[in-house]
Amino acid sequence: MSDLFAEYENNFLDNLDEARRHLDEYQSASGNEAKRRALERATEKIEDADQNLQSIKDEASKKPQFREKSRTLTTQYQEIKTDLSRAKAAALNAENRASLLEGGTGAVTEKNVNSLADRDRVVQTIYRLDANAPIIDDMNRILGETEDTADDIMVDLDRQRGVLEGILDRLRDVNGNLAAARRTIRTMSYKMVQQRVLLFGIAGLLIFIIFLVIFIRFFWSSVFGSS
């Protein structure tokens, strides 16, 4: 494992551990102010972990051997982010219920809710939001998995592009070699034609010399010898 990836991973895991610790503090805190501070600190650590995760994904996109580890860390991040969302929703719902029942100055007050029927409708809305929270969490998880899949596809496409570029380079080299081979063959063919013409010329010259010698020996000698 590269030193850079290991550093990102260690920072990411440290931030997740801190976020979990603050979520545990939220669960054990008794006052609203203590719960709020615990959630704020957990949120800060999860945001830091998100930055670490982006660095991890960038490194994994360059080095495919880290992709499986990146997916595992992304799953851990989605889980703790889901826990934080649930904690925030629970804290908000608790504050709103207390405000409705006590008529205090919370997020929902008697000034905004003027009848018991309106209060009931608001409480029912809060309950429906609680029921939909797992669906939203699942959608966030699916979104994270989709992002990981898209990252994997981009890495594969980048790798395949490199392979195709290498093939194109080799094809260019082959085409260059074929062109050179064609030129060599044409040159050899031209030289073969020249050699054949020269060979035929030499052969014709030899034949001519032979006939000339025969002519001189027999015909020329007989004519001038008899005279």
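Visitor: By class, what is in the lining of the largest cavity?
Guide: Ala, Val, Leu, Ile, Met, Phe, Trp, Tyr, Cys and Pro count as nonpolar, Asp, Glu, Lys and Arg as charged, and the others, Gly among them, as polar. By class, this lining has two nonpolar, two polar and six charged residues.

Visitor: What kind of model is this, and how are its residues numbered?
Guide: The model is predicted: local features need pLDDT of at least 70, side-chain atom pairs count only at pLDDT 80 or more, and totals for chains, interfaces and linings use all residues. Side-chain values use heavy atoms, without hydrogens or water, and residues are numbered from 1 along each chain as its sequence is written.

Visitor: What is the volume of the largest cavity?
Guide: A cavity is a set of points on a 1 Å grid over the protein atoms alone where a 1.4 Å probe fits but cannot get out. Points join across faces, edges and corners, and a volume is the space filled by probe spheres set on them. One cavity of 30 Å³ or more is counted. The largest has a volume of about 90 Å³.

Visitor: Which helix gives the most to that lining?
Guide: Lining residues have an atom within 4 Å of a cavity point; here they include Lys57, Arg67, Arg71, Asp148, Asp151 and Asp152. Helices are DSSP runs (H or I, at least four residues; strands are E, at least two), numbered from the N terminus. Helix 2 (32–62), helix 3 (67–102) and helix 4 (116–226) each supply at least two lining residues. With four residues, the most comes from helix 4.

Visitor: Is Leu39 buried or exposed?
Guide: Buried means under 20% relative accessible area, exposed over 50%, partly exposed in between (1.4 Å probe, protein chains only). Leu39 lies in helix 2. Its relative accessible area is 8%, so Leu39 is buried.

Visitor: How far apart are the end C-alpha atoms of helix 2?
Guide: The expected span is 1.5 Å times one less than the number of residues. Helix 2 has 31 residues, so it should span 45 Å; the end C-alpha atoms agree, at 45 Å.

Methods
On a 1 Å grid over the protein atoms alone, a cavity is a set of points where a 1.4 Å probe fits but cannot get out, and a pocket is an open set with protein on both sides within 12 Å along at least five of seven lines; lining residues have an atom within 4 Å of a point.
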